[in-house]
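Let's get to know this structure together, with some questions and answers. Please take a look first.

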Amino acid sequence: MKKDFGVKTWLYPMPVLMIATYNEDGSPNVMNAAWGGTGGEELLTVCIDNTHKTWANIEKRKAFTISVGTAAQVKACDYLGCVSGNQTPDKVAKSGFHVTRSNHVDAPTIDELPLVFECELVSMDPETCLVVGKVVNVACDEAALTDGNPDAEKIAPITYDPVAHVYRPLAAPLAQAFKVGLE
């Protein structure tokens, strides 16, 4: 028997997405966003409240990057979700992260996080808080590659558990997709 909980957004796994933008003065801003994912072949969608500094930055610059939070950087990732860029403009420096300007969009990339999606703004909806970006490039540190492709075990992405309010690592592979079901 299943217990009803009403309307909840307890989807598993919920990625830990680090959204990076530039402030008006050119300094970097990064926020932790758990509500996001793919929205099509070239699109990523994140939910960002329109009171966040990140919303204003994306609206102005028309670009942002999304890096995947990692086990090695969980403390810095969490800090950037606890502190507002509206009140703490130097929060990226305080987190210990370093940034490099993207070669493809007007936004920073986070040096310490190996996988980054560089996005141009497609749309923003202040009523739903949905921000849609078109991926113009994906970059991954060479140390996190296997056979020339990103390796999830080397990246060590973390997920957010919205019920327990904890970060969880992704587990080891379970089965080969699109093959195990054919056995």
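Q: Where is Gly81 found?
A: Gly81 sits in helix H2, residues 74–82. Helices are DSSP runs of H or I with at least four residues, strands are E runs of at least two, and both are numbered from the N terminus. This is a predicted model, where local features need pLDDT of at least 70, side-chain atom pairs count only at pLDDT 80 or more, and totals for chains, interfaces and linings use all residues. Residues are numbered from 1 along each chain as its sequence is written, and side-chain values use heavy atoms, leaving out hydrogens and water.

Q: Why is Gly81 called partly exposed?
A: Buried means under 20% relative accessible area and exposed over 50%, with partly exposed in between (1.4 Å probe, protein chains only). Gly81 has a relative accessible area of 48%, so Gly81 is partly exposed.

Q: What makes Val163 partly exposed?
A: Its relative accessible area is 41%, so Val163 is partly exposed by that rule too. Val163 lies in the loop between strand S13 (158–161) and strand S14 (166–169).

Q: How do you know that the radius of gyration of the protein chain agrees with a compact globule?
A: The radius is taken over C-alpha atoms, and the globule rule is 2.2 Å times the number of residues to the power 0.38. For 183 residues a compact globule would have a radius near 16 Å; the protein chain has 17 Å, so the two agree.

Q: How many helices and strands does the protein chain have?
A: There are 4 helices and 14 strands. Of the 183 residues, 38% count as buried.
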